[in-house]
Amino acid sequence: MNMTLKEIKIGGSAIIAAVRGEGRLRNRLLDMGLTPNTAIVKSKAAPTGDPIQISVRGYELTLRNEDADFIDVQEVGK
């Protein structure tokens, strides 16, 4: 089932299916290593739920939920 990165539960693993958006936003997400077929783990979230922290390509990355909504993922390990 495809969903957005924002929807993955803490501790959940996924594979990036697509990065949506246009222009600078999409380029920024791709430059951060969020490219299709990349594995990620959603590791933390702020008490309010925004921002979230993910593990990707051996480093920790913090994203706003607003940006995480542009990243379609395929959840794994279910």
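Me: Which backbone oxygen lies 2.8 Å from a polar atom of the side chain of threonine 38?

Reply: That oxygen belongs to threonine 35. A polar contact here is a pair of N or O atoms within 3.5 Å; within protein, one must be able to donate a hydrogen and the other to accept it, and residues adjacent in sequence count only if both atoms are side-chain atoms. This is a predicted model, in which local features need pLDDT of at least 70 and side-chain atom pairs count only at pLDDT 80 or more, while totals for chains, interfaces and linings use all residues. Residues are numbered from 1 along each chain as its sequence is written, and side-chain values use heavy atoms, with hydrogens and water left out.

Me: Is threonine 38 buried or exposed?

Reply: Threonine 38 is buried, with a relative accessible area of 8%; buried means under 20%, exposed over 50%, and partly exposed in between, using a 1.4 Å probe and protein chains only. Threonine 38 sits in the loop between α1 (23-31) and β3, where helices (H or I, at least four residues) and strands (E, at least two) are DSSP runs numbered from the N terminus. Leaving aside neighbours within four places in sequence, its contacts include Ile16, Val56 and Arg57, contact meaning heavy atoms within 4.5 Å.

Me: Switching to the sheet, what is the strand order?

Reply: The 6 strands form an open sheet in the order β1-β6-β2-β3-β4-β5, with antiparallel pairing; two strands pair if DSSP finds at least two bridges between them. Because β1 (2-4) and β5 stand at the edges, each with a single partner strand, one side of each is left without a neighbour in the sheet.

Me: And what does β4 pair with over 5 bridges?

Reply: β4 pairs in the antiparallel sense with β5 (residues 59-63) over 5 bridges, and β3 (residues 39-45) also pairs with β4 over 5 bridges. Isoleucine 52 has leucine 63 in β5 as its bridge partner, serine 55 stands opposite glutamate 60, and lysine 44 is partnered by glutamine 53 in β4.

Me: Which residue takes a positive phi in the hairpin of β4 and β5?

Reply: Arginine 57 does, near 55 degrees, in a hairpin with 2 residues between the strands, whereas the hairpin of β3 and β4 has 6 residues between the strands and glycine 49 at a positive phi near 95 degrees.

Me: How many residues of β4 are buried?

Reply: In β4 (residues 52-56), 4 of the 5 residues are buried, and the strand is mostly covered.
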